[in-house]
Amino acid sequence: MSQTSDAAYNSAAYDSTVGIQAETVHNSSVYFVHPDASPQEKYRVGVRLLEDGIPSRAREMITDAIAHGYDSAEVRFHWALAVLSARTYDDLSAEEVQRLHYSSGLVQTFAEDEWKEALRVTFGLLTVLSTAHGETGPVLKQLQDLPLRQHNAILRHLDLMLTGGLKDDLWAETCERARAGRFGNDRSRRVWAYFAPAPIGARAVQPHPSTAAAAEAALPVRTVLFIISSVLLWCLALISDAAEATVELLVALSAGLTAARFGDRWCQEPRLHLTAGARIPHTYSPSSDEDGFTKRVRHSFDHYFSVRTPHEFTPDAWLAHTAQVRNSLAAEIADLYRESRVGVDRVTWLIRYLAEDARNRHNNGTLFEDHRHSRTPVKTKAVTVVALAVLGVTALTAFETAVSGAPSPRSLWAFLAMLGAAWSGHATASLWLQVRREEHRLARETLKYREQLTARQAAHQRWQSLLDTTRPSEQQMETWLACDKTSFVDEALRHHRLTWRDLITHTILVSPAPSYKRGRVRRGPWRYSHYVFRLFLFTQDGIREMSSEFSFSDATRKNEQRSNYRFDALSSVQVAENVDGGYDLELVLTNGPARKIRVKDADAHQLAPDENSREISEINLSAAGSTHTFRLLEGIAADGKGWIERHSPDNLTPFQFAG
């Protein structure tokens, strides 16, 4: 689904606004768990959530699987990663530390395999990291000896846990892995499909219902009157001169049948020549009172017609050549899809197809085929007119035959029969032509409707298949994002000439950038086409802040900003939840203006019936790193550097590995 929202705060520049261009919610069931699902299924979904960067939901799923008896070294390993992912040791609650300690005591009960060793290394790292001067050599060696899958998972999910010298030892490897995976899986050619809106189904103009019901009802009466009058006239003519009346009757019948046959062909000609299948006059021109949807449709047609031109045309020449076709199609599509909450982006696939179809029909000489074929040949019209003239002359001749030498009463009856035949014949012909014209129109429009709908359905299926095969998975999107963040942190460290040993801690906040598109799968976090990465590096001297906008499709950066300030310069941090469900972070420095950062936009209006707004909001905040960042900045704003010192490893309760 796609729509345009009101302006929102920009998290890249201070006190600026942005607008949402488009939103897409993929109708995927990757995170759906049936209430009666087995513990194995809940565990499987929990692992997927963890891999896709949603550790908060992963913790719930895997914990539930364990509570229902599904337990092993592999399960406990992923549970531990879900608890520790995107968090520091200080972020853990006392209950979580207690559960981790209990789980570490279960390690020895599991069978020896790669998962048990990975679980042992995880708890070993946690033990070292929770102490100020832990010996890192042995556990680092154990980490390096793990299979690649478990090794990479630990480095990724314990990113905020790993600090100081241990992270220095692993940082080069982490950066190398980020460089290798940053543009993997054909990222630059596939990201667009993730944010592409779901194409709305194919539609075509349905035939108008027949308007000949009244004519069909009146036709039998007029026909009976015509037959009676005609029979009476020729009976009187036969009485006067049988031979001459017989010839006149044969001529009249031949002329009448000829006029009916060729007149039927003539009436197949539409009264209004339609252009390229649209059901409006070809004299259509845009008006100034068009609604916004119609204007956007017409502009989209102009764009795609200008970029899909035949070889012998320039864009401007092609637009001029196809003005009638283009305007008619634009009016048709605007009328077919003018409904609430349907954006032009969802119809773009059809507009693109129609532009390509117009180009192809020009190339094979059929672009204006309907217009040419709708005209009745001159020969058909001429034969019809001649036949009607012969019929009229023959009727007059029959009247003369009937009244010649006849007494007054017969002449009167002949005159009345002639008058009745003329009147009822004209009425019958008019009604019959009206009925036949409607039948031909209905048949013609029905055939065109079926042909157009079939062709458009095929185009829709091709486009949908392209999106399905091109769209990256949630894991691929999360991997690319993680690689971008790693590269950004590495560049910041290089710029400030810092090592991990120089840092007390760090945090990175990911938020939407200006004029973004966003998409997500059901029950998943929003992902954006443009991000703002805001990195806070906490050293003994103060805070180094660095932010930059990222284009997610090609990982290019712009609008970089850097600032440095002491701990006591951060005088206030406020986190506000808006009435629409968005979140703003406001930083107030003693020597600078307040900065409002849009952390998360509203998403309640995009929720499916089975989604919970609070749960989705928490998922988005967790995926963006907001929870950890809020806690850290609010603590420093309240207590300054003293907050960090109180939460340093020297002042934390060490983790005891019970294995």
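Colleague: Which residues form one aromatic cluster?

Modeller: Trp480, Phe488, Tyr516, Tyr528, Tyr531, Phe533, Phe550 and Phe552 form it. This is a predicted model: local features need pLDDT of at least 70, side-chain atom pairs count only at pLDDT 80 or more, and totals for chains, interfaces and linings use all residues. Residues are numbered from 1 along each chain as its sequence is written, and side-chain values use heavy atoms, with hydrogens and water left out.

Colleague: What describes a pair of aromatic rings?

Modeller: The distance of the centres and the angle of the planes. Rings of Phe, Tyr and Trp (its six-membered ring) pair if their centres lie within 6.5 Å; planes under 30 degrees apart are stacked, over 60 edge-to-face, the rest tilted. By this rule the count is 16 aromatic pairs. Take Tyr194 and Phe195: their ring centres are 5.3 Å apart and their planes at 75°, so the pair is edge-to-face.

Colleague: Are Tyr194 and Phe195 buried or exposed?

Modeller: Both are buried (under 20% relative accessible area; exposed is over 50%, partly exposed in between, with a 1.4 Å probe and protein chains only).

Colleague: How do Tyr516 and Tyr528 pair?

Modeller: Edge-to-face, at 4.9 Å centre to centre and 85° between the planes. Tyr516 lies in the loop between β4 (503–512) and β5 (517–521), and Tyr528 in strand β6 (residues 527–528), so the pair ties together parts 12 residues apart in sequence. Strands are DSSP runs (E, at least two residues), numbered from the N terminus. Tyr516 is buried at 0% relative accessibility; Tyr528 is buried at 6%.

Colleague: Which ring does the charged end of Arg352 sit over?

Modeller: That of Trp463, 4.4 Å from its centre. The rule asks for NZ of Lys or CZ of Arg within 6 Å of the ring centre and within 35 degrees of the ring normal. Arg518 lies over the face of Trp526, 4.0 Å from the ring centre.

Technical notes
Helix = DSSP H or I, 4+ residues; strand = E, 2+ residues; numbered from the N terminus.
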